[in-house]
Amino acid sequence: MSDGSGAQDDQQLAVVVAKPRSQVAIESLQAEGVYDDTRSVTEWTADSVAVPVTAPPQETQFREVVRQVGERRLRTLDDHLRERGWTEAEIDAAPSSWAVLGSVVLIDIGDSPRPAEVGEALLALHGEAGTVLARHGISGEHREPSVEVIAGDGDTETVHTEHGTRYAMDLAEVMFSPGNKAERAQMGDTVDPDERVLDMFAGIGYFTLPMARAGAHVTAVERNPASFRFLVENVMLNDVDERVHPYRADCREVVPGFASEGRADRVVMGYYEAHEYLDSALDALAPGGVLHMHEATPDALVFDRPIERLEAAAAEADRGVEVLDTRRVKEYSEGVAHVVVDARVQ
Ligand SMILES: C[S@@+](CC[C@H](N)C(=O)[O-])C[C@H]1O[C@@H](n2cnc3c(N)ncnc32)[C@H](O)[C@@H]1O
């Protein structure tokens, strides 16, 4: 294929893929080493995008190979904002991090100038996305997000793929924490096949799915109807319905029945108020089992407070605790850390 410019034709190649598959395709093209990130992913038709490649891929599925014309990639958000006439001072006030979750870009917009223009610039930067969602916080015992569409078609439903695990979700209804990515992978790497696991605060399956994909048998409890709906959908989407038992309930109500069928090798407590549920967690955990307790802890109390709370609850139950590991997952807020303690309980 030639446009007579003498430019290397293969520099302009792109493969057409369906929009919902764009993230998976980009990861596959990167794995093949043919993804060309010097050019932008652009919309090709209403339901497809053109993903730039340096050569036709061998493994990645695609509809057709096409030629992209003149798609010089503005490499950063700043480039796009500069192109829109923003001053350097305004660009300094713009957000510096965001997450592309399938077809939705999630961003903490803070008090950035002209959020709508930031949204448009992010859509230009991430051609595979259709909506930009500004996040204004997560609140309540069901951890519900407060969000606002700042650009795009407004469709907040998406499927995000991470380490091979697929998460379907509606980001206007349920929370998703990009900052917990490493912890989600950690849980998938930590479990052994055929382990019996209780996930007390399962959400849409943040930890349940990677653990079940790794072969564990997970009882996943979630009280929020919206999150539970996606939990059930994601269990099917990841083909782990034979290994996951989802319950829409308060986890305290599930523990007695669960424990009567044999206690857990592992209990996961991915909730900042987890310490209030330690009695139930210990009722569910077999002697020698492992507990993962999350907490939002002021920096000065990291890791002492969660460990003291765990030891106090275990002492109540006349059980011993051996701390196996402690991790800072991410910053929860100014001076407060999201932490997790892994402990074996005798
Ligand atoms: C913070 S979210 C889970 C976050 C997740 N660990 C992550 O990594 O992103 C906690 C979840 O626990 C659910 N939840 C809170 N209290 C509960 C309870 N008593 N029983 C069952 N689920 C509960 C909330 O609805 C929410 O979906």
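This is a predicted model: local features need pLDDT of at least 70, side-chain atom pairs count only at pLDDT 80 or more; totals for chains, interfaces and linings use all residues.

I began with a search of the whole structure, and it turned up 1 cavity of 30 Å³ or more. By cavity I mean a set of points, on a 1 Å grid over the protein atoms alone, where a 1.4 Å probe fits but cannot get out. The largest cavity has a volume of about 30 Å³, taken as the space filled by probe spheres set on the points. Among the residues lining the largest cavity (an atom within 4 Å of a point) I noted Leu 106, Arg 135 and Phe 176.

Residues are numbered from 1 along each chain as its sequence is written, and side-chain values use heavy atoms, with hydrogens and water left out.

Next I turned to the ligand.

Then I looked up polar contacts, pairs of N or O atoms within 3.5 Å. A backbone N or O atom of Cys 251 is 3.0 Å from a ligand nitrogen. For the side chain of Arg 223, an N or O atom is 3.2 Å from a nitrogen of the ligand, and for Asp 250 a polar side-chain atom is 3.4 Å from one.

Conventions. A polar contact is a pair of N or O atoms within 3.5 Å; within protein, one must be able to donate a hydrogen and the other to accept it, and residues adjacent in sequence count only if both atoms are side-chain atoms. On a 1 Å grid over the protein atoms alone, a cavity is a set of points where a 1.4 Å probe fits but cannot get out, and a pocket is an open set with protein on both sides within 12 Å along at least five of seven lines; lining residues have an atom within 4 Å of a point.
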